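Please open the model and keep it beside you. These notes are meant to be read with the structure on screen.

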Amino acid sequence: ILHYLGLDHVGHLGGRSSVMMGPKLQEMDEIIKMIHLSTIQSQESDHKRTLLVIVSDHGMQENGNHGGSSYEETDSLALFIGPGISHVSATYDTINQVDITPTLALLFGIPIPKNNAGRLIADLFHPLEDHQLLRAMELNLWQLLRLLQAQATDSTCGSLEDASSRLYHDAVALHGSWKSKNALNNDDLKSTILAYTEFLRTASDQLSHRATDKPIGLLASGVMTMLLSCVMFLGLLFKLAQEFYPNVQTRKFQLSEVLVGGIIVIIVLSMGSSSLVEEEQYLWHFMTSTFNLVLLHQTIKSTTGNRSSRLFSIAVILISGRILKGWHQGGVNWTHLPDISKSLEICGSPCLKPLQIISILCVISLCLYTLSSLRARGNFVILIGLSYLCIGLLVLQYVIKYQGSETGTSGKDAILAIQLIYGLIITSVTATVIASPWFMSFQSKDLVTVLKDSLYLIGITYVFGWCLLQLLLQQPVNSMVISLLLVQIVATIYYVSRGDSDVKQWVEIAAIYYLGMAGHFSLGNTNTLATIDVAGAFIGISSHSTVLSGVIMFVITYASPMLALLSMVMSVSVKETNSILKNHEVNTGQLVKIVLGFPCLVPLGLNSVLLVAYTIILLVMRNHLFIWSVFSPKYIYVVVTTVCVLVGVLIVASTVTYVISTAVFLRKKKTSILSVWRKR
């Protein structure tokens, strides 16, 4: 058994039209030719029973990926070369992959695996004698019959469905009649083969359909548990909103607040349509644009100060969103339409390289600008700025030197450069998170200022460290998408950071969460597994590691949602909370609740609604025609998105808790030291 992976790798790296595809196919032709000449056409007697089987487990899209149900992805090859097989059969234009297993097992003379539901490919048994062919079909019949009986309520043939029972008796009776006539009647042989074939086909189809039958009771209990957790999240969120905004029931809700719930309702309703699941990106782009237009309308009607700067922020968000919508066109059915990314890929490196350089410089400049707006500007802040400047320049050097070059990104020097950048990003982020509350506590006596400056600095570190990492891992065509997503999130945070902004914090958090979901599709992701960037999962890895490749693949695929979640740390640092904090005693638990309540509960609540709703829809659609091609891949994405939200919320919660506990501890320590010094 030889498993050649080269063709698959070439597809992932450059697509079906890659310049490497032709030479690789010719190489495979030569290998098959060599095997054929040295075995099948050999004159030695022991080689006359050799069968050469050439199969592919999948096809590929134009971009080289696979995993969906399109014709290009499921169009695979099954070629059998051996003695007595001298023509291409017209009987088996299409076979199921499960059919290969019983065919090879019976040709080898070994038992069929007990849970296999396939049927043998009869054309491959024609070189055998008639009684051998019928014996092989009989063994295949008993295999499928046993599986049907195991699934039936009573372990007798009479308990089978009428069609299966009738076909079974016909095949057995005809086979017995053929044996009794000493196998002389050719018409009886054809009738027996036809009866066996009909039973095997029907039984195999029945077993395939029954594979989706699951215990409804267990599924219902699981859904009820999920529903209970969803209600708990929403209840906690409602209670927190009542505590923060006690007068919310005495006045009308703003349109932006109503739209936060309306967007989730529309997304949930769309999940029941296979077409809308396939083209979900249009819904997210439309909803986020509508939400920002509502904020624009509210800002225009507002009479408070800083209106011009807030209008500018909304304009930046809308313009960036429109560019992102047109970057990758279509999810599944409209992917052939022209878009910005296709035009850039056609243009090639002369267009992509300058865009990558501009994107990296944009991220570096925005990082330094946001750091300069920090109130506390000590040596520690300057050191962080210099560290990210160095990391950004290293990413820039890597892009210019290695991406698109002849050596590629898999050379030894390229891997070392990437690993160096990995290490610098991890070190810089870790050092900033640990040291920020300590340095800020020594620069300011006010607890609120210490908390705000520490969280702001850590938030900048998270956001820009993540963006630089994505500029390293994402496809070159997505570099500008990363910078535009960063601009959108920073503009949103700036919009709500104004003291006169009437946007509530939970609305702000929901807006950032929605931007992250829309950005997920702007990076070219869809609800099919075929758009996962498999090639990027091996960047910076010198030897195969399933765990590391899986982590990098997760980082690439969920770049936008995780960016939105990490920005929550920066968001809570700029929100005006002085008046709220002054009304409470300085208590660590109370501070955590005030600062961390909405940033944790809003993403968890919104995601739990989507998860529970789609679980119910998947249960209802379990017998739908597109259950495996549309609804199941979407459910995988929903579940992994839940993991992404949990990881993001855990990072935000642990960061804020650490900063608050450290700042309170240092304040108490400083107070006790000062009191002792005064007494002395």
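The numbered points below go from the whole chain to single residues.

1. Overall make-up. This is a predicted model. The protein has 24 helices and two strands. Of its 680 residues, 48% are buried. Now take the contacts in the protein with a separation of 6 or more. Residues 24 or more positions apart account for 73% of them.

2. The start of the chain. Helix 1 covers residues 6–14, and its buried residues include Asp8 and Val10. Gly11 and His12 in helix 1 are buried too. After helix 1 comes Gly15. The phi of Gly15 is positive, near 85°.

3. How to describe a helix pair. Two packed helices are described by the angle between their axes and the distance between the axes. Keep both values in mind for the next points.

4. Helix 11 with helix 12. Find residues 280–301 for helix 11 and residues 307–325 for helix 12. Their axes come within 10 Å and cross at roughly 165°. An angle over 145 degrees counts as roughly antiparallel, so helix 11 is roughly antiparallel to helix 12. The crossing of helix 11 with helix 12 is left-handed.

5. Who meets whom in that pair. On the helix 11 side, the contact includes Tyr282, His285, Ser289 and Asn292. Further residues there include Leu293, Leu295, Leu296, Thr299 and Ile300. On the helix 12 side, look for Arg307, Arg310, Leu311 and Ile314, among others. Ile317, Leu318, Leu324 and Lys325 of helix 12 also take part. By type, the residues of this contact divide into 10 nonpolar, four polar and three charged.

6. Helix 19 with helix 21. Helix 19 spans residues 505–522, and helix 21 spans residues 559–574. Their axes are 7 Å apart, at an angle of about 155°. That angle is also over the 145-degree cut-off, and therefore helix 19 and helix 21 are roughly antiparallel to each other. Which hand does this crossing have? The crossing of helix 19 and helix 21 is right-handed.

7. The residues in this second contact. Helix 19 brings Gln505, Glu508, Ile509 and Ile512, among others. Leu515, Gly516, Gly519 and His520 of helix 19 belong to the contact as well.

8. His520. This residue lies in helix 19. Is His520 buried or exposed? His520 has a relative accessible area of 5%, so it is buried. Leave out residues up to four places away in sequence. His520 then touches Asn525, Thr557, Tyr558, Ser560, Pro561 and Tyr637.

9. Ala559. Look for Ala559 in helix 21. Ala559 is buried, with a relative accessible area of 2%. Ala559 and Cys467 are 92 residues apart along the chain, yet their C-alpha atoms are separated by 8.5 Å. Not counting residues up to four places away in sequence, Ala559 touches Trp466, Gln470, Gln474 and Leu523.

10. Leu366. Helix 14, residues 349–372, holds Leu366. Its relative accessibility is 18%. Under 20% counts as buried, so Leu366 is buried. The C-alpha atoms of Leu366 and Ser483 are separated by 9.5 Å, and the two residues are 117 residues apart along the chain. Again leaving aside residues up to four places away in sequence, Leu366 touches Phe464, Leu486, Val487 and Val490.

11. The disulfide. A disulfide is a covalent bond between the sulfur atoms of two cysteines. How many does a search of the whole structure find? The search finds one. Cys347 and Cys351 form it, with their sulfur atoms 2.0 Å apart. The torsion about their S-S bond is about 55°, so the disulfide is right-handed.

12. Cysteines and accessibility. Cys347 is partly exposed, at a relative accessible area of 35%. Cys351 is partly exposed too, at 27%. Cys230, at 6% relative accessibility, counts as buried. Cys644 is also buried, with a relative accessible area of 0%.

Definitions and conventions:
Residues are numbered from 1 along each chain as its sequence is written. This is a predicted model: local features need pLDDT of at least 70, side-chain atom pairs count only at pLDDT 80 or more; totals for chains, interfaces and linings use all residues. Side-chain values use heavy atoms; hydrogens and water are left out. Axes are lines fitted to C-alpha atoms, for helices over the stretch in contact, and angles run from 0 to 180 degrees between N-to-C directions. Helices (H or I, at least four residues) and strands (E, at least two) are DSSP runs, numbered from the N terminus. Angles under 35 degrees count as roughly parallel, over 145 as roughly antiparallel, 65 to 115 as roughly perpendicular and the rest as oblique. A crossing is left-handed if the near helix is turned anticlockwise from the far one by less than a right angle, and right-handed if clockwise. Contact means heavy atoms within 4.5 Å. Ala, Val, Leu, Ile, Met, Phe, Trp, Tyr, Cys and Pro count as nonpolar, Asp, Glu, Lys and Arg as charged, and the others, Gly among them, as polar. A disulfide is a pair of cysteine sulfur atoms within 2.5 Å. Buried means under 20% relative accessible area, exposed over 50%, partly exposed in between (1.4 Å probe, protein chains only).
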